[in-house]
Amino acid sequence: MPRSSSQAGFILASLSIATLVSAASSTAQARRAPPSGDSSTTVVIDAGHGGHDRGGIPSQKIPEKTMTLDVAQRLKGLLSANGYRVVMTRDSDVFVPLATRVAIANSYRDAIFVCIHFNSAKRVGADGIETYFYGRDSLPLASAVHYFVAGGAPTTNRGVRRRGYYVLRKTKTPAVLVECGFLTNPTEGEYVQTASYRQKLAEEIAAGIRGRSSVASRLTSTRVATSETIPYQPYIDQTRVKASSRSKKKSSKSKSSKKKKSSKSIDSEASVTPKERKG
């Protein structure tokens, strides 16, 4: 009888240990895995510019290509630690044509595409965060990313904008382009040159990616988030900006001629990155 009791006690102890190990393993897996209901586990991160394309405007002191790559690499680390498959369009200081960036994104059916940029302007007072999207299926992602990045940055919220930039228009998966501030603004330029701020930007973008499936329905949209939902962000539709600009230029032969002389290749990042030229 004592022997039977000893065996029973050993079995119960073994079961308890097994249960604890199983629970710990499940908890660790839950921490590594993407949020439940997240059907897209591949994130294609596109660090703007690179190589001979420095980014920004002439005489700009802070190289945009360096800042975008640093934030992109930090974002990669955060997402990988959360169980996402991460693909980089560039992981070093090289130039990648726009068509190649799009082709990379389109080669993954379950992916989302996040393009990281910084803004520039001749007017040094220009500041703030803005996020771009094109396809309607990209609006939840844009809403979530902008909600966190603009909410976490100590600067102006310039809002969400819909516009047909090449990398947004040509991708077949949800895609956003986030402008993480103005490198030509003295205050924001100082922020961006600190590692802690670039880490903060990466963390906020990652939070937006993780939270995109929690964006509230537009039918029940509220501008105040709850513990379960992120509000749809109002946006400005700028999809006709280029067309309007072209129609004005066609009204004058001299202006049209000037346009042809100053036109840039489709592979130029200037055709992707919105830069505030007029201040």
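Predicted model: local features only at pLDDT ≥ 70, side-chain atom pairs only at ≥ 80, totals over all residues.
First topic, helix α2 and helix α7. Helix α2 covers residues 64-81. Its angle to α7 is about 50°, and the two axes lie 8 Å apart. So α2 and α7 are oblique to each other. The crossing of α2 past α7 is right-handed. Who makes the contact? From α2, the residues are Met67, Asp70, Val71, Arg74, Leu75, Leu78 and Leu79. From α7, they include Ala195, Arg198, Leu201, Ile205 and Ile209. By class, this contact of α2 with α7 has 11 nonpolar, 1 polar and 4 charged residues.

Next, helix α4. That is residues 139-152, and α7 is residues 195-211. Here the packing angle is about 150°, with axes 8 Å apart. That makes α4 roughly antiparallel to α7. This crossing, α4 past α7, is right-handed. On the α4 side, the contact uses Leu141, Ala144, Val145, Phe148, Val149 and Gly152. On the α7 side, Lys200, Leu201, Glu204 and Ile205 are among them. The contact of α4 with α7 splits into 9 nonpolar, 3 polar and 2 charged residues.

Last topic, a pocket. The second largest pocket has a volume of about 240 Å³. How many residues line it? The answer is 16. Nearest its centre are Gln60, Lys61, Ile62, Leu183 and Thr184. The lining has 7 nonpolar, 6 polar and 3 charged residues.

Definitions and conventions
Residues numbered from 1 in each chain as written. Heavy atoms only, no water. 1 Å grid on protein atoms, 1.4 Å probe; cavity = no way out; pocket = protein on both sides within 12 Å on 5 of 7 lines; lining within 4 Å. Points joined across faces, edges and corners; volume = space filled by probe spheres on them. Nonpolar A, V, L, I, M, F, W, Y, C, P; charged D, E, K, R; others polar. Axes fitted to C-alpha atoms, helices over the stretch in contact; angles between N-to-C directions. Helix = DSSP H or I, 4+ residues; strand = E, 2+ residues; numbered from the N terminus. Parallel < 35°, antiparallel > 145°, perpendicular 65-115°, else oblique. Left-handed = near helix turned anticlockwise from the far one by under 90°. Contact = heavy atoms within 4.5 Å.
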